[in-house]
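Subject: Structure handover

Hi,

Here is the structure I promised to pass on. Please open it first; my notes follow below.

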Amino acid sequence: MPWSGLPNHLDLTASDLDRSVAFYDVLLGRLGYVRDQVYAGSVPAWAWRGHGPSFSIGLHRAASKQAHDRRAPGFHHLAFHVGSRAEVDAYARDAPMPRAE
């Protein structure tokens, strides 16, 4: 398989699912993702299907109120490719995104 080793999906956890879905709808929509499914009955998911392998991001409701610490063992951050810093600035200026938890 030519894509062995590439990520297939990422699942995130949010303390406020509705607010986070609104955030990711804007952010991921601007990056070419489409929210096209809900799996396990309640997990919204966005998919990117460009040239090559697909990649999806799912969003789970948090079962714990404990805050995430990105400096603790575990997930630190995820970065997306965009055309330029000006593109990021335009996103923030033209359509301010709700803050995700």
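Serine 56 counts as buried, because its relative accessibility is 18% and the cut-off for buried is under 20%. Keep in mind that this is a predicted model. Serine 56 sits in strand 4, which covers residues 55–61. Beyond its neighbours within four places in sequence, serine 56 is in contact with Asn8, His9, Leu10, Trp46 and Ala47.

Next, the core. In soluble globular proteins, nonpolar side chains tend to be buried together. Here the largest nonpolar core has 16 residues. Those with the most contacts inside it are Leu12, Tyr24, Leu28, Tyr33, Trp46, Ile57 and Leu59. Strand 1, helix 1 and strand 4 are the elements that give two or more residues to this core. Helix 1 gives the most, with six residues.

Now helix 1 itself. It runs over residues 17–30. An α-helix has 3.6 residues a turn, so residues three or four places apart point the same way. After helix 1 comes glycine 32, with a positive phi near 95°.

On to the open space. The second largest pocket has a volume of about 370 Å³. Of the 15 residues that line it, Pro7, Tyr33, Trp48, Phe55 and Phe80 are the closest to its centre. Which classes make up the lining of this pocket? Eleven of the residues are nonpolar, four are polar and none is charged.

Last, glutamate 87. This residue lies in helix 2, residues 85–94. Glutamate 87 has a relative accessible area of 27%, so it counts as partly exposed. Between glutamate 87 and arginine 35 there are 52 places in sequence and 22 Å in space, C-alpha to C-alpha.

Best wishes

Technical notes: Residues are numbered from 1 along each chain as its sequence is written. This is a predicted model: local features need pLDDT of at least 70, side-chain atom pairs count only at pLDDT 80 or more; totals for chains, interfaces and linings use all residues. Side-chain values use heavy atoms; hydrogens and water are left out. On a 1 Å grid over the protein atoms alone, a cavity is a set of points where a 1.4 Å probe fits but cannot get out, and a pocket is an open set with protein on both sides within 12 Å along at least five of seven lines; lining residues have an atom within 4 Å of a point. Grid points are joined across faces, edges and corners, and a volume is the space filled by probe spheres set on the points. Ala, Val, Leu, Ile, Met, Phe, Trp, Tyr, Cys and Pro count as nonpolar, Asp, Glu, Lys and Arg as charged, and the others, Gly among them, as polar. Helices (H or I, at least four residues) and strands (E, at least two) are DSSP runs, numbered from the N terminus. Buried means under 20% relative accessible area, exposed over 50%, partly exposed in between (1.4 Å probe, protein chains only). Contact means heavy atoms within 4.5 Å. The expected span of a helix is 1.5 Å times one less than its number of residues. A nonpolar core is a set of buried Ala, Val, Leu, Ile, Met, Phe, Trp, Tyr and Cys residues joined through side-chain atoms within 4.5 Å.
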